Amino acid sequence: MANLDSVLTETRVFPPSKDFVAQANVSGPEGYQALCDEAERDFEGFWARLAREHIQWAKPFTRTLDESNAPFYKWFDDGELNVSANCLDVHVDNGRGDKVAIIFESDDGKTTQVTYRDLLARVCRFANGLKALGYKTGDRSIIYMPMSVEAVVAMQACARLGITHSVVFGGFSAKSLQERIVDVGATLVITADAQQRGGKTIPLKPAVEEAFGLGGCEAIRNVVVYKRADVAGNWEEGRDVWMHDVEAGQSDTCEPVIVNAEHPLFILYTSGSTGKPKGVQHSSAGFLLWAHLTVKWTFDLKPDDVYWCTADVGWITGHSYIAYGPLAAGATQVVFEGVPTFPNAGRFWDMIQKHKVSIFYTAPTAIRSLVKAAEGSPEHHPQKYDLSSLRVIGSVGEPINPEAWMWYYKNVGGERCPIVDTWWQTETGGHMITPLPGVTPLKPGSCTTPLPGIMAAIVDETGGDVELGKGGFLVIKRPWPAMIRNIWGDPERFKKSYYPEELGGTYYLAGDSANRDTDGYFWIMGRVDDVLNVSGHRLGTMEVESALVSHPLVAEAAVVGRPDDLTGEAIVAFVVLKKARPDDAEAAEIAKDLRAWVAREIGPIAKPKDIRFGDNLPKTRSGKIMRRLLRVVAKGEEVTQDVSTLENPAILDQLGKAL
């Protein structure tokens with residue numbers, strides 16, 4: 001890949017306050033540098049120290065890193081532990097059993113609190129019930145559930161027994177579910193009759209039945225069903241059983257099964273826009289260590305914090321930063337079933353106010369949609385709520401546009417909360433490049449600098465380092481404990497995808513294009529395939545989107561490329577305004593203004609050839625923009641891919657209309 005011709009520059013810098021630095025878990029540049037220096041000086045010793053300090057081992061490890069079969073690295077591989085015991089028992093045994101672990105708020109606003117002692121008892125009862133059904137270490141389960149305490153119980157119970165779980169997002173189709181059941185070789189499905197989102201009841205168990213009807217699922221012995229909404233459906237005696245019946249009469253204690261450090265804790269499928277989904281395999285000890293540690297480092301977690309990550313457990317963010325990391329760290333966390341705009345656009349802010357949330361972690365797509373919502377209904381603007389409990393706010397899932405960052409900083413964080421803009425992936429297991437709130441001067445739109453022990457770099461097509469200010473491939477040069485261990489059942493695809501020979505076979509290839517400015521800050525420009533080549537000029541979709549969103553009229557924008565006879569590739573922009581979608585005449589005027597705006601912000605080469613306006617953008621139910629579908633729409637082709645994961649499939653027709 002050639003160097004990017006333009007770099008996202010940002011002159012606004014927001015250093016942490018002296019008061020925050022003074023109390024931070026990692027305090028000031030000196031604290032950060034000391035950790036980085038330790039990792040540079042004694043790489044294995046650094047990780048070994050952290051693993052001994054943050055994990056309760058049943059059998060201590062003597063070997064830190066095994067590189068003998070690279071890139072199939074092993075960490076702490078002669079040690080043994082149980083992940084669930086490290087998340088639950090450790091707190092109860094140390095006198096913290098009465099601390100609230102989960103504040104669950106359902107779609108309709110009802111709130112339930114669960115202590116660590118309660119959660120441990122529920123996990124034990126369910127684990128004992130699964131044992132009674134004949135499930136044991138080495139078995140694999142599919143978890144297809146709504147956001148709920150029960151979803152966390154299911155994941156933790158599997159971890160307690162050494163059952164490798166694969167969580168499937170509750171918005172995925174029956175076909176997606178069937179593919180994952182077959183690929184992972186599951187013998188157990190844990191699901192719910194339905195989920196409730198935005199005031200609607202959405203059946204789940206029927207999708208399981210439909211998946212079975214597609215074939216290949218004959219190995220499933222039991223379907224355990226959480227009764228969420230009392231929705232009637234097909235029921236097969238002997239196979240299907242209610243979750244409450246599985247737990248009934250079971251003991252509140254269940255000895256955790258001790259497993260090897262490298263035992264697969266879970267397999268999580270990346271959706272794979274083309275071809276077969278990839279089953280990302282994560283280990284027990286390495287994943288747990290990094291999830292626990294990054295909660296403390298990145299979020300500066302304290303014992304009295306109320307932490308809220310708005311992700312779904314169907315994604316890696318929900319694994320690392322709901323189901324495992326916060327529990328390992330002993331946090332009190334909010335778990336939310338619903339959506340940010342129901343019953344109104346102030347739902348998030350109302351919940352922060354009500355539960356006195358101090359750490360808030362959400363996605364840029366949610367932030368951008370709430371910018372528009374706040375403009376449309378001023379009574380639900382975040383400034384109308386008491387958000388004074390907040391002290392750290394975060395961003396996850398994709399790069400955040402500088403103007404959305406500024407809105408978040410001013411209106412949600414009150415210009416006093418550091419924003420941790422985290423870059424990481426399903427495959428990395430936890431945060432990799434992120435500001436530390438007591439360390440890093442912030443630049444809107446930059447994920448800033450790598451965490452200690454993470455050897456990130458930007459290289460060219462041959463693996464050579466590029467100079468500062470030039471774009472290239474983002475790589476990690478050394479292994480780290482939470483890294484992907486394999487693609488389930490496909491080691492060759494693992495090597496080809498993440499450790500390509502073109503880069504020497506030893507660098508982890510993230511698949512993102514990035515830039516590093518003269519201060520050493522990283523800027524993620526988008527996926528490698530999201531880098532546009534317009535008349536020989538390389539442009540990151542992120543910088544064009546950022547330019548568009550900085551316009552006063554624009555709430556959201558997504559940019560893709562389509563083939564063009566003249567320029568090779570033409571830029572197509574899909575835009576959501578802060579006001580109602582314009583008619584054709586007004587749209588033409590606004591499009592002209594936006595092209596001129598982008599030309600001023602980046603340069604004439606970056607002007608979109610085609611701008612289309614919509615009421616919103618095609619998003620999954622977790623809020624992720626489906627850019628692969630926009631590429632199809634931009635080309636004028638018919639969408640033939642599965643769109644069942646979309647919250648709003650009808651929007652594709654609206655966006656198909658060119659000016």
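In this predicted model, Ala174, Leu177, Gln178 and Ile181 of helix H7 meet Ala207, Val208, Glu210, Ala211 and Phe212 of helix H8. Sorted by class, the residues of this contact of H7 with H8 are 7 nonpolar, 1 polar and 1 charged.

**Helices H7 and H8**

- Helix H7 spans residues 174-184 and helix H8 spans residues 205-213, and their axes come within 8 Å of each other while crossing at roughly 60 degrees.

- The buried residues of H7 are Ala174, Ser176, Leu177, Gln178, Arg180, Ile181, Asp183 and Val184.
- These buried residues pack against H8 and also against several strands, namely S6 (140-144), S7 (164-167), S8 (188-192) and S14 (264-270).
- Just after the end of H7 comes Gly185, whose phi angle is positive, at about 70 degrees.

**Helices H4 and H6**

- Helix H4 (residues 83-93) packs with helix H6 (residues 149-161) at an angle of about 120 degrees, and the axes of the two helices lie 7 Å apart.
- H4 and H6 are therefore described as oblique to each other.
- On the H4 side the contact is made by Val83, Ser84, Ala85, Cys87, Leu88 and Asp89, and on the H6 side by Gln156, Ala159 and Arg160.
- The residues of this contact of H4 with H6 comprise 5 nonpolar, 2 polar and 2 charged.
- Asp89, which is found in H4, has a relative accessible area of 13% and is buried, because the cut-off for a buried residue is under 20%.
- When residues up to four places away in sequence are not counted, Asp89 still touches Ser84, Leu120 and Arg160.

**Positions listed as a binding site**

- An unreviewed UniProt entry lists Val549, His551 and Val554 under "binding site", and such annotations may be inferred rather than shown by experiment.
- Val549 has its place in helix H16, which covers residues 541-549, and with a relative accessibility of 6% Val549 counts as buried.
- Apart from neighbours within four places in sequence, Val549 is in contact with Asn401, Glu403, Val554, Ala555, Glu556 and Ala557, and Val554 in that group is itself one of the positions that the UniProt entry lists.
- His551 is placed in the loop between H16 and strand S28 (554-564), and with a relative accessibility of 5% His551 also counts as buried.
- Leaving aside neighbours within four places in sequence, the contacts of His551 are with Asp593, Leu594 and Trp597.

**A residue of strand S30**

- Ile611 belongs to strand S30, which is made up of residues 610-613, and because its relative accessibility is 0%, Ile611 counts as buried.
- Between Ile611 and Val598 there is a separation of 13 residues in sequence, and their C-alpha atoms are 12 Å apart in space.

Conventions. Residues numbered from 1 in each chain as written. Predicted model: local features only at pLDDT ≥ 70, side-chain atom pairs only at ≥ 80, totals over all residues. Heavy atoms only, no water. Helix = DSSP H or I, 4+ residues; strand = E, 2+ residues; numbered from the N terminus. Buried < 20%, exposed > 50% of the residue type's maximum accessible area, 1.4 Å probe, protein only. Contact = heavy atoms within 4.5 Å. Axes fitted to C-alpha atoms, helices over the stretch in contact; angles between N-to-C directions. Parallel < 35°, antiparallel > 145°, perpendicular 65-115°, else oblique. Nonpolar A, V, L, I, M, F, W, Y, C, P; charged D, E, K, R; others polar.
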